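Here's a quick tour of a model you have on screen. Keep the 3D view open while you read.

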Amino acid sequence: GYSIDMVNCGWMAWPLRDGSVDDMNAASSFMEAQWAWFLDPLVRGDYPPSLKARAPALPQFTIEEQTLLKGSVDMLGVNYYTSRYVAAADAVYPAASVGDAAGIPALNGEYHLATTRSLSEGDPRIGVVGGSPWLYVAPDGLTDVLLWLQDRYHLPMAVTENGCDQPSGEDERDDVWRIDYLRSHIDGVATAIQRGADVQAYYAWSLLDNFEWADGYSKRFGLVFVDYNTLTRTPKRSFAWYARLIHAHASSSLLLVDDVAPGRDLKMVRAVSAVLLFLLCVMVVSRFLPKRRRLRAPRYIEISEVVTMPNVESGVEVF
């Protein structure tokens, strides 16, 4: 068979002022402008009413077109990097006072974006900033985006892009800052799964340092360092860490993973893993395998950082 999927890139929008109805409406409006503008027609057959009310120039679908559009996507792809606070465009929070994101107006000034808020309103900053001025580390935003999409569309999802560039001064090859970013966001995906999101895949951005839109070659998001003069490619520390992570979860989410030293009996580990996987299959078949298997959220995982690539003597430990 085949699957028709739709990938979209966006942020999570949280109300700037806790308890403010205006800010909650602004945040909802911002989410619909980012996600529902593109996905509502493909899933529901039309644009959301709130968006049509603000943008009367949107195309008007006929009944026949709505019928053709509705349900025309099978899976949602989610590109996620960061999030923002959103404030209504009122006199209390003019653009100049909503934080260091300078209150970027959107949709004719109907709301403003911010990365900070006053101490009286909770956590002041969304998160530390990466190498790009727009990228604030907000793993909770990935959790909330996945739950928002699940609640609205009830479709399986894949995180098709997630990654970061590092702040200036960080070691680009020994990139522990990037490892922390990936670890926290993968944990955020697991949290979303535990709370009901049907997430079936996760992809880190990106394998290689590459041409990053308007930033060109000045920003590095890769797990592999690329020397742009010689084109030599060198795996970073994050490459080895991520390789061990996906290797550990390649066969069964029942595995509890720990870092292991070279010399462990990998054959025995594989044999035990095979037995566990066989028993899992028996349990699933006995309870009638569903048409679409949902990804199970792994229990909390901590993998020690490594500086070398996995080798034939490395493996995972099964408890």
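## Two positive phi values

His154 sits in the loop that runs from helix 4 (139–153) to strand 7 (157–161); helices (H or I, at least four residues) and strands (E, at least two) are DSSP runs, numbered from the N terminus. The phi of His154 is near 55°, a positive value in a residue other than glycine. Is His154 buried or exposed? His154 is exposed, at a relative accessible area of 58%. For those words, buried means under 20% relative accessible area, exposed means over 50%, and partly exposed is in between (1.4 Å probe, protein chains only).

Leu231 gives you another case: its phi is near 65°, positive although the residue is not glycine. Look for Leu231 in the loop between strand 9 and strand 10 (233–235). Leu231 is exposed too, with a relative accessible area of 59%.

## What you're looking at

This is a predicted model, where local features need pLDDT of at least 70 and side-chain atom pairs count only at pLDDT 80 or more, while totals for chains, interfaces and linings use all residues. Residues are numbered from 1 along each chain as its sequence is written, and side-chain values use heavy atoms, with hydrogens and water left out.

## The parallel sheet and its helices

Four strands make an open sheet in the order 1-3-7-8, with parallel pairing; two strands pair if DSSP finds at least two bridges between them. Strand 1 (5–9) and strand 8 are at the edges with a single partner strand each, so one side of each has no neighbour in the sheet. On average, neighbouring strands here are turned by 25° against each other, direction ignored. Axes are lines fitted to C-alpha atoms, for helices over the stretch in contact, and angles run from 0 to 180 degrees between N-to-C directions.

Inside the sheet, strand 3 (residues 75–79) and strand 7 run parallel and are joined by four bridges. One to click on is Gly77, whose bridge partner in strand 7 is Ala158. Helix 4 packs on this sheet and touches strand 3, strand 7 and strand 8, with its direction at about 140° to that of strand 7; contact means heavy atoms within 4.5 Å. Helix 5 (residues 176–194) lies across strand 7 and strand 8, at about 170° to strand 8.

## A covered strand

Now find strand 4 (residues 83–88), where six of six residues are buried. Both faces are covered: Ser83, Tyr85 and Ala87 on one side, Arg84, Val86 and Ala88 on the other.

Strand 4 pairs with strand 2 (residues 12–15) in the parallel sense over four bridges, and Tyr85 is the bridge partner of Trp14. With strand 6 (residues 111–114), strand 4 runs antiparallel, again over four bridges; there Ala87 stands opposite His112.

The loop between strand 8 (199–202) and strand 9 (224–226) holds Ser206. The peptide bond from Trp205 to Ser206 is cis, with omega near 0°.

Asp209 is in the loop between strand 8 and strand 9 as well, and it's buried, with a relative accessible area of 5%. What does the side chain of Asp209 make a polar contact with? The side chain of Arg220, at 2.7 Å. (A polar contact is a pair of N or O atoms within 3.5 Å; within protein, one must be able to donate a hydrogen and the other to accept it, and residues adjacent in sequence count only if both atoms are side-chain atoms.) A polar atom of the Asp209 side chain also lies 3.3 Å from the backbone nitrogen of Val226. Leaving aside neighbours within four places in sequence, the contacts of Asp209 include Phe221, Tyr228 and Lys236.
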